[in-house]
Amino acid sequence: MTDDVAGRLEAILLVVDEPQSLVSLATAIAAPVPAVRQAIEELVADYDGERGGRRRGFELREVGGGWRLYVRAEFDPVVAEFVSSQSPSRLSQAALETLAVIAYKQPVSRGQVASIRAVNVDSVVRTLVARGLITEVATDSETGAILYGTSDALLVNLGINSLDELPPISPLLSDGADGFDQEVIR
């Protein structure tokens with residue numbers, strides 16, 4: 001394996017959040033698929049300690065037809081504790097807007113949220129799920145889309161007991177009459 005192919009693969013694998021196929025990895029690093037396959041096999045062996053080195057706290061796994069780095073199962077508790085002990089960072093404006101749409105419209109699909117906000121919300125939804133503020137609540141029977149709703153963690157963070165305590169949204173919205181005369185034109 002050339003160090004160049006392995007190094008480029010590791011760089012890509014560190015930033016992906018979904019498993020990547022051999023073809024997509026080969027395309028990303030501009031290398032032939034057989035070279036990527038060989039590099040993947042050697043990285044797996046290296047991370048597993050099969051080459052005389054130590055076994056790493058992460059592993060390279062094939063899942064759903066693609067490759068991705070994962071924390072080894074025995075280290076899940078340590079990682080979970082670390083993540084939960086970190087001070088919560090503030091949510092971006094995009095995350096707050098997405099969270100508001102989900103809170104008021106739930107259960108709602110990612111596509112419906114994107115339609116309301118008129119922007120792609122994929123990464124924001126992943127962030128909100130990762131922070132435990134929203135959760136998958138159902139699957140739309142017609143489209144197969146995942147439907148999201150708020151979690152109990154959101155209620156705790158907002159200091160409320162139920163979503164019924166959210167302020168009514170209609171007084172905050174325009175009635176659409178701005179710019180129109182009060183007189184009806186016939």
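**View 1. Ala30 lies in the loop between helix 2 (22-29) and helix 3 (33-47).** Helices (H or I, at least four residues) and strands (E, at least two) are DSSP runs, numbered from the N terminus. This is a predicted model, in which local features need pLDDT of at least 70 and side-chain atom pairs count only at pLDDT 80 or more, whereas totals for chains, interfaces and linings use all residues. Residues are numbered from 1 along each chain as its sequence is written, and side-chain values use heavy atoms, with hydrogens and water left out. Phi of Ala30 is near 55°, a positive value in a residue other than glycine. Ala30 counts as exposed because its relative accessibility is 69% (buried means under 20% relative accessible area, exposed over 50%, partly exposed in between, with a 1.4 Å probe and protein chains only).

**View 2. Ala118 is placed in the loop between helix 6 and helix 7.** Although Ala118 is not a glycine, its phi is positive, at about 65°. With a relative accessibility of 64%, Ala118 counts as exposed.

**View 3. The peptide bond from Gln106 to Pro107 is cis.** Its omega is near -5°, and Pro107 is found in the loop between helix 5 and strand 3.

**View 4. Strand 4 (residues 134-139) and strand 5 (residues 146-150) pair in the antiparallel sense.** The pairing runs over five bridges, where two strands pair if DSSP finds at least two bridges between them, and Thr135 stands opposite Gly149 in strand 5. The two strands form a hairpin with six residues between them, and Gly144 in the turn has a positive phi of about 80°.
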